[in-house]
Amino acid sequence: MRRVITYGTFDLLHYGHINLLKRAKALGDYLIVGLSTNEFNQKEKNKDCYFDYDKRKSLLEAIRYVDLVIPEENWEQKVSDIEKYHADVFVIGDDWKGKFDHLEDLGVEVVYLPRTEEISTSKIKKDLNQG
């Protein structure tokens with residue numbers, strides 16, 4: 001079984017998120033999503049989520065491409081998660097290109113997927129604030 005792991009906030013879930021998850025799942029048989037906790041988002045990413053962790057987790061669990069959702073509580077846990085869940089592929093958006101190449105030392109394939117150009121949570125929030 002080929003296991004894929006990815007991470008994100010997945011707030012205001014939109015079709016760009018679905019595209020990312022679909023393409024990530026296509027790289028393997030089992031998709032694990034590390035979902036950033038509210039505390040991690042506030043402390044490390046300086047952003048507040050519209051939906052709390054439990055609601056975002058429920059939304060992700062309802063998506064057919066997602067097999068398991070785990071909490072992401074810090075930047076460093078990616079190494080231990082890859083080892084714990086025996087991940088074969090680490091997937092992240094290409095806006096992070098090069099930032100996780102070091103994970104290849106763990107024997108995991110690192111894949112940077114292109115974002116869906118015309119959509120992002122930041123754009124949605126900006127557009128809604130202009131309305």
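This passage describes the fold of the chain and the surroundings of selected residues.

The model is predicted; local features require pLDDT of at least 70 and side-chain atom pairs pLDDT 80 or more, while totals for chains, interfaces and linings use all residues. Residues are numbered from 1 along each chain as its sequence is written, and side-chain values use heavy atoms, with hydrogens and water left out.

The chain contains 5 helices and 5 strands. These elements are DSSP runs numbered from the N terminus: helices are H or I runs of at least four residues, and strands are E runs of at least two. Read from the N terminus, their order is β-α-β-α-α-β-α-β-β-α. The radius of gyration is 14 Å, in agreement with the value near 14 Å for a compact globule of 131 residues. It is taken over C-alpha atoms, and the globule rule is 2.2 Å times the number of residues to the power 0.38. The C-alpha trace spans about 45 × 30 × 30 Å along its principal axes.

Of the 131 residues, 43% are buried. Buried means under 20% relative accessible area, exposed means over 50%, and partly exposed lies in between (1.4 Å probe, protein chains only). The chain exposes about 7,500 Å², and carbon and sulfur atoms supply 49% of this area. Accessible areas come from the Shrake-Rupley method with a 1.4 Å probe; for residues, only the protein chains shown count as cover. A contact means heavy atoms within 4.5 Å. Among contacts between residues at least 6 apart in sequence, 62% join residues at least 24 apart.

The chain carries 20 positive and 24 negative charges, and their mean positions are 4 Å apart. Lys and Arg count as positive and Asp and Glu as negative, whereas His and the chain ends are not counted. Each charge is placed at NZ of Lys, CZ of Arg, CG of Asp or CD of Glu.

Ile-5 belongs to strand S1. It is buried, at 0% relative accessibility. Beyond its neighbours within four places in sequence, Ile-5 contacts Ile-32, Ile-70, Asp-81, Ile-82, Ala-87, Val-89, Phe-90 and Val-91. Val-110 is 105 residues from Ile-5 along the chain, with a C-alpha separation of 9.8 Å.

The loop between strand S1 (3-8) and helix H1 (15-25) includes Thr-9. Thr-9 counts as buried because its relative accessibility is 10%. Its side chain makes a polar contact with the side chain of Lys-45, at 3.2 Å. A polar contact is a pair of N or O atoms within 3.5 Å; within protein, one must be able to donate a hydrogen and the other to accept it, and residues adjacent in sequence count only if both atoms are side-chain atoms. With neighbours within four places in sequence left aside, the contacts of Thr-9 are Leu-35, Ser-36, Asn-41, Lys-45, Lys-47, Cys-49 and Arg-56.

Asp-11 also lies in the loop between S1 and H1. Its relative accessibility is 3%, so Asp-11 counts as buried. A polar atom of the Asp-11 side chain lies 2.6 Å from the backbone nitrogen of Tyr-50.

Leu-12 is found in the loop between S1 and H1. Although not a glycine, Leu-12 has a positive phi of about 50°. Leu-12 is buried, with a relative accessible area of 16%. Leu-13, in the loop between S1 and H1, is partly exposed at 28%. Leu-13 touches Ile-18, Leu-59, Leu-60 and Ile-63, residues up to four places away in sequence not being counted. Leu-60 is 47 residues from Leu-13 in sequence, and their C-alpha atoms are 8.5 Å apart.

Two residues of another loop were also examined. Asn-46 is situated between H2 and H3. Its phi is near 55°, a positive value in a residue other than glycine. Asn-46 counts as exposed, at 68% relative accessibility. Asp-48 lies in the loop between helix H2 (38-45) and helix H3 (53-61). It is exposed, with a relative accessibility of 52%. The side chain of Asp-48 forms a polar contact with that of Gln-42 at 3.3 Å. Asp-48 and Val-89 are 41 residues apart in sequence, and their C-alpha atoms are 29 Å apart in space.
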